Amino acid sequence: MNKKYEFPKGFLWGTATAAHQVEGNNVNSDGWLVENVPGTSHAEPSGDACDHYHRYRSDIALLAELGFNTYRFSIEWARIEPEEGKFSRAILEHYRDMLRACHKHDITPIVTFHHFTSPRWLIASGGWESPATPDKFARYCERATQYLGDLIGAACTINEANIAALLMRFGFMPPLEQLHQVPWWLATARALEIAPEQLSPFQYVASPQAFDTIMTAHRLAVQAIKAGPGNFPVGITLALQDIQPVEGGEAFAEQMSKEINDIFLEKLQGDDFVGVQSYSRARCNAEGLLPPEDDVELTQMGYEFWPEALEATIRYAVAKTGLPVIVTENGIGTSADTRRIEYVRRALSGVVNCLNDGLDIRGYTYWSAFDNFEWSLGYRPTFGLIAVDRETQQRTVKPSARWLGAIARANSFEQQ
């Protein structure tokens, strides 16, 4: 028997995007460089992406029409500060108009200040292993907040601060000494006129020095953002893993969790919230990580269809930090929209379980609003609630968007 659950008043219901993945032609960023160098690891370049840079007004209106009251998007540092110390008033005005469009449609904007991509000049001058980067990031956050802060509803300083630790530990990228020899890495270093070992793009820095740099950048950014106009919560988002031990794998699972989840979770005292981002689980025994079992359903990303990971990671984050939670990303890459609905239905059931146990969860934002550029995998994985024709940029609303939008509008959910 289904049971109807009423979410707390003011619960944030939304979708999420990242500037580089939807805007198009982010030419001053390291992401654009990496995807266009000879020997790139990317299946294809981002190009025009979803042309959200020009279509944001109609896109935001569409999200509101669907029933969402929140939109999480990132502003692009490489556009705002294309050369070190030179800030573009025109680009800041562009993002201010995005914020105005949100408010016009009664949508609370959640702004992410850094979502993976960085200015090329930053990477050429030491990137995310340089002790100078935190001050540069804070300066950018200060300038952006001065121009935008009065219209921001909530802010995330850095998206998935632990992404490099995750990619390294799960074997999605080689050890650093090997990474420094792959063709695209060498080509990127040559383009920036630096030595290969000096190259440190955000998604690929997994050294203790880099983690210290990122955490310091977050701390300084929080101070800079809170010193500006507006009064809104500020936090960070993390890619949290539901690591499940089997066959005596408890010690390995605990160590994995320390290296991936805890590395930043244990340092967030004083933040207003933690952004939980979760997609699947990882199983391990005493020897290490296990591949998905033969008979389980896999997503387009190759990992297990396991929406229950969201509940587990929310509980883990709250236990470690005591902070309120916003689910800043959760979703599935699939060509079968019925499976998207089933995934989100089960994920939301986990959110309801947490709320029933008294956990402070402020919102749920699905990843992603659109079928967009999925980094090295290009446009093959389709996470979006809204399809985008690659030739015409035409938007097509999927049934899952109507389904989730109706839940958002009603602020209630029938838990099965």
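The model is predicted: local features need pLDDT of at least 70, side-chain atom pairs count only at pLDDT 80 or more, and totals for chains, interfaces and linings use all residues. Residues are numbered from 1 along each chain as its sequence is written, and side-chain values use heavy atoms, with hydrogens and water left out. Helices (H or I, at least four residues) and strands (E, at least two) are DSSP runs numbered from the N terminus.

**Largest pocket**
- The largest pocket has a volume of about 1300 Å³.
- A pocket is an open set of points on a 1 Å grid over the protein atoms alone, where a 1.4 Å probe fits, with protein on both sides within 12 Å along at least five of seven lines.
- Volume is the space filled by probe spheres set on the points, which are joined across faces, edges and corners.
- Its lining counts 49 residues (an atom within 4 Å of a point).
- Leu-166, Leu-167, Phe-172, Met-301 and Tyr-303 lie nearest the centre.
- Helix 2 (30-36), helix 8 (163-169) and strand 9 (281-284) each give two or more residues to this lining.
- The lining has 28 nonpolar, 14 polar and seven charged residues.
- Ala, Val, Leu, Ile, Met, Phe, Trp, Tyr, Cys and Pro count as nonpolar, Asp, Glu, Lys and Arg as charged, and the others, Gly among them, as polar.

**Contacts of helix 15**
- The axes of helix 14 (residues 337-356) and helix 15 (residues 399-410) come within 8 Å and cross at roughly 25°.
- Axes are lines fitted to C-alpha atoms over the stretch in contact, with angles from 0 to 180 degrees between N-to-C directions.
- Helices 14 and 15 are therefore roughly parallel (under 35 degrees).
- Contact (heavy atoms within 4.5 Å) involves, among others, Arg-340 and Val-344 of helix 14 and Trp-403 and Leu-404 of helix 15.
- This contact has seven nonpolar, one polar and three charged residues.
- Helix 3 and helix 15 also come within 8 Å by their axes, crossing at roughly 65°.
- That pair is therefore roughly perpendicular (65 to 115 degrees).
- Ala-64, Glu-65 and Leu-66 of helix 3 meet Ala-401, Arg-402, Gly-405, Ala-406 and Arg-409 of helix 15.

**Salt bridges**
- The structure holds 28 salt bridges (a side-chain nitrogen of Lys or Arg within 4 Å of a carboxyl oxygen of Asp or Glu).
- Glu-329 and Arg-72 form one of them, at 3.3 Å, N to O.
- Glu-329 sits in strand 10 (residues 325-329) and Arg-72 in strand 3 (residues 70-74), 257 residues apart.

**Backbone**
- The peptide bond from Trp-367 to Ser-368 is cis, with omega near 10°.
- Ser-368 lies in the loop between strand 11 (361-367) and strand 12 (386-388).
- Ala-49 has a positive phi of about 50°, although not a glycine.
- Ala-49 lies in the loop between helix 2 and helix 3 (52-66).

Conventions. Angles under 35 degrees count as roughly parallel, over 145 as roughly antiparallel, 65 to 115 as roughly perpendicular and the rest as oblique.
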